Amino acid sequence: SFEPVITFCLNESDAVTAVSKSLKEDTYKHFSTTRSIDIIPNFVQIPVDLEDIDRTLRNRYVNDDEFILCHVSNFRKVKRVEDVLKIFQLVHQVKPSHLLLVGDGPERYKLEELCRELHLCDNVTFLGKITDTQQVLEIADVFILPSETESFGLAALEAMASGVPVISSNTGGLPEVNVHGVSGFLSDVGNVEDLTKNALHILSNEDRLQTFKNNARKESLKYDLHKIVPQYEAIYEDTLSKCLVL
């Protein structure tokens, strides 16, 4: 129902940007436009210091020999939050862990129900909506994002900026953010077994986990706001200069 409005906006705007190559391709696929679209990714403010992690907060959920898995979303169907819980169940059977779920939305009730059915409630914490997710992300070991689709994957980027490797689906813009085998791993949508295998691969070796954490942080630096915001400023300046000429 929004198609005519979006098509009009695309064709009448002086400049159009997309946050990923995938979104740009989808725009041409689904809307009647041939106009130029510039790709400028989302940006993130990189935490300055990750050395001073709140161990007291971490120890609230796990012992020193256990792991924390995390998921942040708006709990819509497209996020496949039930897959998050299924992945956690399989990981927890091998590596004792705790799952932190940040956010709220229409699928939360179903997820709480599934948590009870799987007898996982003692190992899962629903934190609800949090203004600053960094304090949660920085104590996590793996971030899970098995979405049906993502135009970019900002939640994954925020996790990476906090030094957390990402286990995600390979849909939409996620492969452009989460580098397979470097900052984490990519799997087909709905492939819970492969997502679990990848998570366990990272958690099975302390040195490997630290390498993935370092790589995730390093990859996130490409999206630092000081690198991305100037790209938006350049678009504004170029557009304004053309308008002034006209």
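Arg80 lies in the loop between β3 and α4 (81-94), where helices (H or I, at least four residues) and strands (E, at least two) are DSSP runs, numbered from the N terminus. The model is predicted: local features need pLDDT of at least 70, side-chain atom pairs count only at pLDDT 80 or more, and totals for chains, interfaces and linings use all residues. Residues are numbered from 1 along each chain as its sequence is written, and side-chain values use heavy atoms, with hydrogens and water left out.

Most residues other than glycine have a negative phi, and most peptide bonds are trans. Arg80 has a positive phi, near 50°, and is not a glycine. Arg80 is partly exposed, with a relative accessible area of 25%; buried means under 20% relative accessible area, exposed over 50%, and partly exposed in between (1.4 Å probe, protein chains only). A positive phi of about 55° is also found at His119, again not a glycine. His119 belongs to the loop between α5 (108-117) and β5 (124-128) and is exposed, with a relative accessible area of 71%.

The interior comes next. In soluble globular proteins, nonpolar side chains tend to be buried together. A nonpolar core is here a set of buried Ala, Val, Leu, Ile, Met, Phe, Trp, Tyr and Cys residues joined through side-chain atoms within 4.5 Å. The largest such core has 30 residues, and those with the most contacts inside it are Tyr61, Ile68, Cys70, Leu100 and Phe143. At least two residues of this core are supplied by each of β3 (67-72), β4 (97-102), α6 (134-137), β6, α7 and α8 (174-177). Helix α7 gives the largest share, six residues. A second, separate core has 28 residues, including Val91, Leu101, Leu114 and Phe185.

Not counting residues up to four places away in sequence, Ile68 touches Arg58, Tyr61, Val62, His98, Leu100, Ile139, Ala140, Asp141 and Val142, contact meaning heavy atoms within 4.5 Å. Arg58 lies in helix α3 (residues 55-59) and is buried, with a relative accessible area of 10%. With neighbours within four places in sequence left aside, Arg58 is in contact with Glu66, Phe67, Ile68, Ile139 and Asp141.

Asp141 is also among the contacts of Lys213, which, on the same exclusion of neighbours within four places in sequence, include Ala140, Gly163 and Pro165. Lys213 is found in helix α10 and is buried at a relative accessible area of 17%.

Helix α10 also packs against another helix. Two packed helices are described by the angle between their axes and the distance between the axes. Helix α7 (residues 154-161) and helix α10 (residues 206-220) pack at an angle of about 115°, with their axes 7 Å apart. Axes are lines fitted to C-alpha atoms, for helices over the stretch in contact, and angles run from 0 to 180 degrees between N-to-C directions. The contact is made by Leu157, Met160 and Ala161 of α7 and by Ala216, Arg217, Glu219 and Ser220 of α10.

A search of the whole structure finds two aromatic pairs. Rings of Phe, Tyr and Trp (its six-membered ring) pair if their centres lie within 6.5 Å; planes under 30 degrees apart count as stacked, over 60 as edge-to-face and the rest as tilted. Phe152 and Tyr223 form an edge-to-face pair, at 5.9 Å centre to centre and 80° between the planes. Phe152 lies in the loop between β6 (142-145) and α7 and Tyr223 in the loop between α10 and α11 (225-245), so the pair ties together parts that are 71 residues apart in sequence. Phe152 is buried, with a relative accessible area of 3%, and Tyr223 is buried at 11%.

The other pair, Phe185 with Phe212, is tilted, at 5.3 Å centre to centre and 40° between the planes. Phe185 lies in strand β8 (residues 184-187) and Phe212 in helix α10, so this pair ties together parts that are 27 residues apart in sequence. Phe185 is buried at 11% relative accessible area, and Phe212 is buried at 6%.

Phe152 also meets Val19, whose contacts, leaving aside neighbours within four places in sequence, are Ile39, Ile40, Pro41, Asn42, Ser151 and Phe152. Val19 is found in the loop between β1 (17-18) and α2 (21-30) and is buried, with a relative accessible area of 16%.
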